[in-house]
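Please look over the sequence and the structure shown here. The report that follows takes up a pair of packed helices and then the salt bridges.

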Amino acid sequence: PATKVAIIQLITLSAFTAFGRFDLALLASLGLFAVLYAPDAPYRRRLIVVSTVALALFVCALLGIAVGGSSPLLLVAVIVLSSAASFACTALLVGPPAAYFLMLGCGVVNYMVYQHDMPASHVLLMTLVGGAVAVVGTMAELATQPHLPEKKAVSAAIAAVDTYAESAPGESARPLQRKASAALHSAWTALDDAAPLFPRGPWAGRRMTTLNALRDDVESAEYRFNVRLGDAAAHYFTGNRLNSDASSGLFDRMVGSAGASSGRPKARVLLSHALSWPSENLVTASRVAVATIIAGLVTLALNGEHIYWSTAFAAVALHMGGARIIQSYRAVNRLAGTVLGIGLFTLIVWASPSPWSLVVILVSLQLLVELFVAKQYALATLFITPLALLISVGGQIPDDPWPIMAERLLDTV
């Protein structure tokens, strides 16, 4: 997926740069961020997610332009957008990078139009173009490998179950059990995501035949998994390895594995649960709202001009949810990543790169973001930061990087 993202970015940036319009290439990157979402998902799920995110990025750009040059109005827009995007992404299980680029996009567009005098029509048009390229690019594999994502998920589940089935009962097998259970759940979810919207349609017959064969494979793997769980239970009971409470927990895990075949809940089900206070989704959205309000008001009090940066960073540690201690660690790690990213941006500016050199730099940053965003988000912020800053200045590399570096550091703090 990371290579595919880099290739899409390279083709898009190179096409505009070859015609002497590197500025338009950067504007298209605002919509191209959609390609970072759901890169491994089955194609139906991927099409829905990437198309929705591309449209959302355009709406964010439109909102950033609509509020005009008023900092208070921009702050209100960013607060509402950040909390709403955080709620939607966590509730609908969008996954990394989740709401971050949506929160950042509104402010970046406002900054480009009202502080860098970029034509609003160009920004909106190129955001649409970038989003369209993202949708087409992310679906390109469908033509040659129409079942690749679900086949990979099923193969991973079978391999994980086989490894667990071959292991000896005991404490050392518990991580293998958890890995096999998670892989089974991922396989069932992938098959559910890959199912055609109209399974009885005349064009869906061949696809359903393949999916049914894959379902048989997963059912067989799940049967072996449950047999192995039975062996584990017998071992624990006969060997008196666990007390009654722990034995009850074992059965809970065994029963829980049966839920792996339920697939992904429908959007309306996810939203109905998420809207029930105090769901984690509503708590996360409220935390993001409070954080962006405080960051925005402090920035206004300091006469800062970059509300989008301070509010986006305030939300970056919170927008994916989690316990307070987890979010505290995220804040520290992402603070370090952002500060180092500002330093990396400064080094790039000092190098005074040509447009073609910037194409290589942007593609490399996008590649690194995709490599780390799912599992090492803090490290990904190291590369997201210079990527966002380069786009926000529209490729107009300043002669002196110190002012912008100092401003972004202050906004980050």
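In this predicted model, helix α12 (residues 280-301) and helix α13 (residues 307-316) pack at an angle of about 150 degrees, their axes being 8 Å apart. Axes here are lines fitted to C-alpha atoms, for helices over the stretch in contact, and angles run from 0 to 180 degrees between N-to-C directions; helices are DSSP runs of H or I with at least four residues, numbered from the N terminus. The angle makes α12 roughly antiparallel to α13, a term used for angles over 145 degrees. Their crossing is right-handed, meaning that the near helix is turned clockwise from the far one by less than a right angle.

On the α12 side the contact (heavy atoms within 4.5 Å) is made by V288, A291, T292, A295, G296, T299 and L300, and on the α13 side by I307, S310, T311, A314 and A315. These residues divide into seven nonpolar, five polar and no charged, where Ala, Val, Leu, Ile, Met, Phe, Trp, Tyr, Cys and Pro count as nonpolar, Asp, Glu, Lys and Arg as charged, and the others, Gly among them, as polar.

The structure also holds four salt bridges, each defined as a side-chain nitrogen of Lys or Arg within 4 Å of a carboxyl oxygen of Asp or Glu.

K4 counts as buried at 14% relative accessibility, while E141, at 24%, counts as partly exposed; buried means under 20% relative accessible area, exposed over 50%, and partly exposed in between, with a 1.4 Å probe and protein chains only. K4 and E141 are also linked with R46 in a network of salt bridges.

D162 is partly exposed, with a relative accessible area of 28%, and R224 counts as partly exposed at 29%. In the remaining listed pair, D23 is partly exposed at 29% relative accessibility and R21 is partly exposed at 33%.

Residues are numbered from 1 along each chain as its sequence is written, and side-chain values use heavy atoms, with hydrogens and water left out. Because the model is predicted, local features need pLDDT of at least 70 and side-chain atom pairs count only at pLDDT 80 or more, whereas totals for chains, interfaces and linings use all residues.

Notes. Helix = DSSP H or I, 4+ residues; strand = E, 2+ residues; numbered from the N terminus. Parallel < 35°, antiparallel > 145°, perpendicular 65-115°, else oblique.
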